[in-house]
Amino acid sequence: MTDGKAVAEQPRPQAFKAIGFMIVSFPLRLVQFVLIVTLASVGVTTVIIWVGIPILLLATQLTRWFGDLERAWVRKALGTPLPPVERAQAEGGWMRRWFAQLTDPTTWRDLGYLMLAFPLGVLEFAIGLVAVILLPIAIWVVPSIGWLHGQLAMSLLGPPKAQRLAAKASRLQASRARGVDAAEAERRRIERDLHDGAQQRLVSVAMSLGRAKAKLNGDPAAVRELIDEAHTDAKLAVSELRDLARGIYPAVLADRGLDAALSAQAAKAPIHVDVEVNVEPRPPAAVETTAYFIVGETLTNIAKHSGATEAGVRVWRSGETVVVEVTDNGHGGAQMRPGGGLAGLADRAATIDGVISVVSPPGGPTVIRADLPCTW
């Protein structure tokens, strides 16, 4: 199913790509317009003598084929995230299939885009030629026109609004389920750490104090030794509780933000880690926390499994999205496996509608990227 988020985002294209799109598209749009208008006109005027029916059938097929061609072209040239469309299918003879095509809203949306694209293409062609000569037009005007054309393509060539909303609802439902699973796993981890760590220490403290109380009048030296033991266990329990609290939400992250928190993580790593953070204005606390733990768990995995000698952490803000990128020079081969560490990162990112991607060819380097939206 279509990813609702991908459909909702329209990037601003690079100037040289937009210029190429405007110039190269013109002859394509001219051919499309002439063929469709000619075939449709001839088909309608001759339909009464049956000759027009195969002509109109050809016009319908060309409209759908040109629509798919435009989706691929706009997606490649402008970076518009246009997914393949789901077209209505019908069984039976050619007349039944043609009727299904004519009643498919996507066919008419394709036709609307193709009819608008030709006059727009004439204007864009002229602007593209001017942009080749005038640098200010290329830098400031052309990307905006390319963005607007992408918006038009998203509206007419993208999935219908109902389908986009259904896809978004499905994606949010899956994201919520993964978030619940991640929260449950975190709860079990905290419960296990409390049971195996601080709780055992406190039980030991209570037992030592109980033994000291029993010997209070008869053996002062043993009492002193038991109290020292209880004191040591109490300090260890406090330290473990502090570490546990830091694992839930580190104080340095709340007080000084991602830059300081990630730098502190890098300083504790067993390999050299370069850190570069630029996320102003400061993102929401949920995004900071997710980014912090993604980096921490990734650095831990790198130290354990990658064989890397150095790593890099880059965090920057792109509009309403915080991008986290962790690279290493290890042996590569990392994959997103169900139940694995990378799948756990993806589940953590999914709690705020984020996405994890992994590029790790054999021999390295490995790049793990998280796109974390600041609004969800």
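**View 1. Glu124 sits in helix α5 of this predicted model.** The helix holding Glu124, α5, covers residues 105–133. Glu124 is buried, yet it goes without a salt bridge. Arg29 is the nearest side chain of opposite charge, and it is 4.1 Å away, whereas a salt bridge here has to be within 4 Å. Leaving aside residues up to four places away in sequence, Glu124 touches Phe21, Met22, Arg29, Ile145 and His149.

**View 2. Helices α5 and α6 pair up.** Helix α6 takes in residues 135–157. The two axes come within 10 Å and cross at roughly 175°, so α5 runs roughly antiparallel to α6. On the α5 side, the residues that meet α6 include Tyr113, Leu116, Leu120, Glu124 and Ile127. Among those contributed by α6 are Val142, Ile145, His149, Leu152 and Leu156. Ile145 and His149 also turn up in the list of residues that Glu124 touches.

**View 3. Two spans carry a UniProt label.** An unreviewed UniProt entry puts the feature "transmembrane region" at residues 30–59 and 113–142. Residues 30–59 are 83% helix and 0% strand, with end C-alpha atoms 15 Å apart. For residues 113–142, the figures are 97% helix and 0% strand, and the end C-alpha atoms are 20 Å apart.

**View 4. Zooming out to the protein chain.** You'll find eleven helices and five strands here. The chain has 376 residues, and 39% of them count as buried. Taking contacts with a separation of 6 or more, 71% link residues 24 or more positions apart.

Technical notes: Residues numbered from 1 in each chain as written. Predicted model: local features only at pLDDT ≥ 70, side-chain atom pairs only at ≥ 80, totals over all residues. Heavy atoms only, no water. Helix = DSSP H or I, 4+ residues; strand = E, 2+ residues; numbered from the N terminus. Buried < 20%, exposed > 50% of the residue type's maximum accessible area, 1.4 Å probe, protein only. Lys, Arg positive; Asp, Glu negative; His and termini not counted. Contact = heavy atoms within 4.5 Å. UniProt positions renumbered as here; feature names shortened; annotations may be inferred. Axes fitted to C-alpha atoms, helices over the stretch in contact; angles between N-to-C directions. Parallel < 35°, antiparallel > 145°, perpendicular 65-115°, else oblique.
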